[in-house]
Amino acid sequence: MLSDAQRAAYERDGVIVVPEVFSAAEIDELRRVTDEFVRNAASVAANDEIYDLEDSHSAREPRVRRLKAPHLHHPAYFRASRNAKVVAILKELWGSVRFDTGKLNMKSAGYGAPVEWHQDWAFYPHTNDDLAAVGIMLDDCEMDNGPMLVVPGSHKGAVYDHHGPDGRFCGAMDPARCDLDLSKAMPCLGKAGSVTVHHVRAVHGSATNFSGKERRFLLFQYRAADAWPLLGFAGGIEKFDELLLAGEPTLEPRLTAVPVRLPLPPAAHQGSIYENQRATGRRFFATAETARAAAE
């Protein structure tokens with residue numbers, strides 16, 4: 001699935017974009033299902049186990065920031081999470097593949113919320129860092145509709161503090177306290193059906209979608225079979241092994257010398273990253289609300 005150049009780019013930058021992984025028919029189905037979920041959000045008034053809602057959400061105009069664990073709520077998303085081409089890509093990188101979880105970030109036209117700079121590793125450290133998230137582009141990702149931005153090479157550096165002023169985990173870095181040149185962040189651009197693969201320690205974020213174009217991004221998290229979560233797995237070993245997609249189960253976690261900060265104490269607003277990041281008290285990316293206020 002991957003060329004030598006793509007494997008070298010992943011090792012060097014911590015992120016790659018692989019075009020044409022999902023067919024037009026598969027993307028059309030995922031879009032139809034997603035549109036249905038957004039319509040059904042009209043009957044939902046607050047965040048729940050499925051929906052993370054925009055602050056401007058209403059029954060008359062349903063606005064969804066994220067679908068939580070979409071693979072648990074519709075077979076089309078489940079099939080996407082086990083896509084054979086995706087598994088083949090990750091198997092080339094690690095030799096074995098175990099599923100973790102997923103989410104669908106909506107980034108709707110004109111108001112899709114930003115995601116502040118962070119590292120996924122801060123949320124779920126493991127015994128080794130052979131973990132990545134695969135982002136499926138349901139729409140064309142372009143410069144003006146809030147694409148994911150990744151700082152190249154940051155997956156080989158420090159694990160940054162993701163705690164807020166109150167000392168609790170908030171899921172966001174403070175850019176003013178990091179030795180990173182965020183201006184060098186690479187936008188992950190591609191046509192619908194392309195996928196991104198970004199390393200679990202790569203620093204990334206995304207701006208508000210101020211354009212008139214949708215940017216729905218279906219993200220699934222994966223890990224090597226011998227990468228075990230440091231905070232444990234609540235479902236037990238049987239459920240853990242049910243998530244194995246390639247390779248053999250093992251009771252011998254691979255331990256590597258990787259830097260770790262535990263996400264403790266937990267966020268005051270525990271939930272999706274949008275809820276966690278409410279506690280930061282700071283913003284790098286402008287929101288639709290702040291932009292509107294500045295224009296008034």
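Does His118 count as buried or exposed, and at what relative accessibility? In this predicted model, His118 has a relative accessibility of 5%, so it counts as buried, the cut-off being under 20%.

**His118 and its surroundings**

His118 lies in strand 5. Its side chain is joined to that of Asp120 by a polar contact of 3.3 Å. When neighbours within four places in sequence are left aside, the residues in contact with His118 include Phe123, His162, Met173, His204, Ile273 and Gln277. Gly171, Ala172, Ala202 and Val203 are also among them.

Strand 5, which spans residues 115-118, is one of the edge strands of a sheet and pairs on one side only. This open sheet is formed by 4 strands in the order 5-10-7-8, with antiparallel pairing. In general, the strands of a sheet pair through backbone hydrogen bonds, in either a parallel or an antiparallel manner. At the other edge is strand 8 (186-187), which likewise pairs on one side only. Strand 7, residues 149-150, is joined to strand 8 by 2 bridges, and Val150 stands opposite Met186 there.

How many of the residues of strand 9 are buried? The count is 5 of the 5 residues in 195-199, so the strand is largely enclosed by the rest of the structure. In a regular strand, side chains alternate between the two faces of the sheet. Both faces of strand 9 are covered: Val195, Val197 and His199 are buried on one side, and Thr196 and His198 on the other.

Strand 9 is joined by bridges to strand 1 and to strand 6. The table sets out these pairings.

| Strand | Residues | Bridges to strand 9 | Direction | Residue and its bridge partner |
|---|---|---|---|---|
| Strand 1 | residues 15-18 | 4 bridges | antiparallel | Val17 and Thr196 |
| Strand 6 | residues 131-137 | 5 bridges | antiparallel | Gly135 and Thr196 |

**The largest pocket**

The largest pocket has a volume of about 890 Å³. It is lined by 40 residues, of which Thr101, Lys103, Phe123, Tyr124 and Gln221 are the closest to its centre. Phe123 is also one of the residues in contact with His118.

Which strand gives the most to the lining of the largest pocket? That is strand 4, with 5 residues. Other elements that each supply at least two lining residues include strand 3 (64-68), strand 5, strand 10 (204-206), strand 11 (217-223) and helix 6 (273-276). By type, the lining divides into 18 nonpolar, 15 polar and 7 charged residues.

Methods
Residues are numbered from 1 along each chain as its sequence is written. This is a predicted model: local features need pLDDT of at least 70, side-chain atom pairs count only at pLDDT 80 or more; totals for chains, interfaces and linings use all residues. Side-chain values use heavy atoms; hydrogens and water are left out. Two strands pair if DSSP finds at least two bridges between them. Buried means under 20% relative accessible area, exposed over 50%, partly exposed in between (1.4 Å probe, protein chains only). A polar contact is a pair of N or O atoms within 3.5 Å; within protein, one must be able to donate a hydrogen and the other to accept it, and residues adjacent in sequence count only if both atoms are side-chain atoms. Contact means heavy atoms within 4.5 Å. On a 1 Å grid over the protein atoms alone, a cavity is a set of points where a 1.4 Å probe fits but cannot get out, and a pocket is an open set with protein on both sides within 12 Å along at least five of seven lines; lining residues have an atom within 4 Å of a point. Grid points are joined across faces, edges and corners, and a volume is the space filled by probe spheres set on the points. Ala, Val, Leu, Ile, Met, Phe, Trp, Tyr, Cys and Pro count as nonpolar, Asp, Glu, Lys and Arg as charged, and the others, Gly among them, as polar.
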